[in-house]
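Let's walk through a protein model together, one question at a time. Have the structure open and follow along.

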Amino acid sequence: MRLIVNGCAGRMGRTLIKLIDEQDGVTLAGGLETADSAALGEDLGVLAGGEKLGLSASDDALTLMSQADGVIDFTTPAASVELAALAAQARLVHIIGTTGFDADQEAQIAAAARHARIVKSGNMSLGVNMLAGLVRQAAAQLGDAWDIEIVDMHHRHKVDAPSGTALLLGAAAAQGRGVDLDDAKESGRDGIGAPRAAGAIGFAALRGGSVVGDHEVILAGENEQIRLAHRAEDRDIFARGALKAALWAQDQSEGLYSMQQVLGL
């Protein structure tokens with residue numbers, strides 16, 4: 001499967017280049033960067049800290065996509081929406097690990113999925129998606145008598161909060177309770193306000209250092225707590241999940257899929 005890496009000069013992009021070069025069943029078709037990127041023209045292997053691969057970072061998405069089967073994308077919401085439209089035109093697989101989309105951008109991606117095979121997830125790792133299943137089950141069994149709080153910590157450079165992973169876990173909790181996350185979500189508490197709303201799903205976002213990603217779901221009842229947690233120790237776990245999603249999506253019909261479906265959860 002010929003794959004393009006969007007955002008090839010970024011942390012996830014470099015990780016993906018390295019893993020694609022090592023994994024059977026996939027090959028690197030190219031790397032995309034923005035028109036103002038200092039990485040344009042650089043060899044992708046060198047960007048990833050290895051030997052030259054004979055492929056250079058480019059900003060010509062249309063040309064690269066005409067020579068590929070899929071694109072993996074951990075960039076920005078605006079860039080991912082634009083790329084989804086191009087993937088739909090080219091009938092490609094589009095794996096989206098980007099987070100921070102607004103409602104209109106979500107709708108645009110859903111529209112693109114009518115003509116592309118898109119796998120979109122707030123987190124591509126097996127462990128987090130297993131955690132989401134446990135959270136869904138716990139929320140369904142325990143009910144509103146237990147308060148749910150979700151804590152996420154990431155490196156200092158992360159710009160969206162709560163993280164996509166935290167929102168994925170919150171959505172799992174809301175699904176377990178049979179409610180809409182938008183109606184139950186409570187975050188950004190500060191100062192003196194009303195007591196915690198019954199049935200709320202709370203979020204707290206911590207940022208600092210080089211933390212890849214720590215997430216904890218706290219279910220707090222009267223005189224007892226359940227804490228479900230996941231710690232990401234290396235970006236490889238997200239890249240490997242994205243590659244698994246790409247290979248899985250290659251055999252699917254057009255549509256918008258989640259990592260839960262990819263992993264059979």
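A quick definition before the questions: a residue counts as buried when its relative accessible area is under 20%, as exposed when that value is over 50%, and as partly exposed in between. Please keep in mind that this is a predicted model.

Q: Is Asp160 buried or exposed?
A: The cut-off for buried is a relative accessible area under 20%. Asp160 has a relative accessible area of 15%, and its side chain meets that of Lys158 in a salt bridge, with 3.1 Å from N to O. By the cut-off, Asp160 is therefore buried.

Q: How many residues apart are Glu149 and Arg196?
A: Their side chains meet in a salt bridge at 2.8 Å, N to O. Glu149 is buried at 19% relative accessible area, while Arg196 is partly exposed at 28%. Glu149 belongs to strand β7 (residues 147–154) and Arg196 to the loop between β8 and β9, so the pair links distant parts of the chain. The separation is 47 residues.

Q: What is the nearest side chain of opposite charge to Arg235?
A: Arg235 lies in the loop between β11 and α9 (236–249). Leaving out residues up to four places away in sequence, Arg235 touches Arg11, Met12, Thr15, His155 and Val212. A salt bridge needs a side-chain nitrogen of Lys or Arg within 4 Å of a carboxyl oxygen of Asp or Glu. Arg235 is buried yet has no salt bridge, and at 6.9 Å the nearest side chain of opposite charge is that of Asp234.

Q: Which strands are the edge strands of the open sheet of 5 strands?
A: The sheet has mixed pairing and the order β8-β9-β7-β10-β11. An edge strand here pairs on one side only. The two strands that do this are β8 (185–187) and β11 (224–232).

Q: Which residue in β9 is the bridge partner of Lys185?
A: Strands β8 and β9 (residues 201–207) run parallel. They are joined by 3 bridges. In β9, the partner of Lys185 is Ile201.

Q: Which residue in β5 does Val71 stand opposite?
A: Strand β4 (residues 70–73) pairs with β5 in the parallel sense over 4 bridges. In strand β5 (residues 93–96), Val93 and Ile95 point one way and His94 and Ile96 the other, and all are buried. Val71 stands opposite His94.

Q: Which helix does the chain pass through as it crosses from β5 to β6?
A: β5 and strand β6 (residues 117–120) pair in the parallel sense over 4 bridges, with Arg117 in β6 as the bridge partner of Val93. The β-α-β crossover between β5 and β6 is right-handed, and β4, helix α4 (residues 77–90) and β5 also make a right-handed β-α-β unit. On the way from β5 to β6, the chain goes through helix α5 (residues 103–112).

Technical notes. Residues numbered from 1 in each chain as written. Predicted model: local features only at pLDDT ≥ 70, side-chain atom pairs only at ≥ 80, totals over all residues. Heavy atoms only, no water. Pairing = 2+ DSSP bridges. Buried < 20%, exposed > 50% of the residue type's maximum accessible area, 1.4 Å probe, protein only. Lys, Arg positive; Asp, Glu negative; His and termini not counted. Contact = heavy atoms within 4.5 Å. Right-handed = clockwise from strand over helix to strand, strands pointing away.
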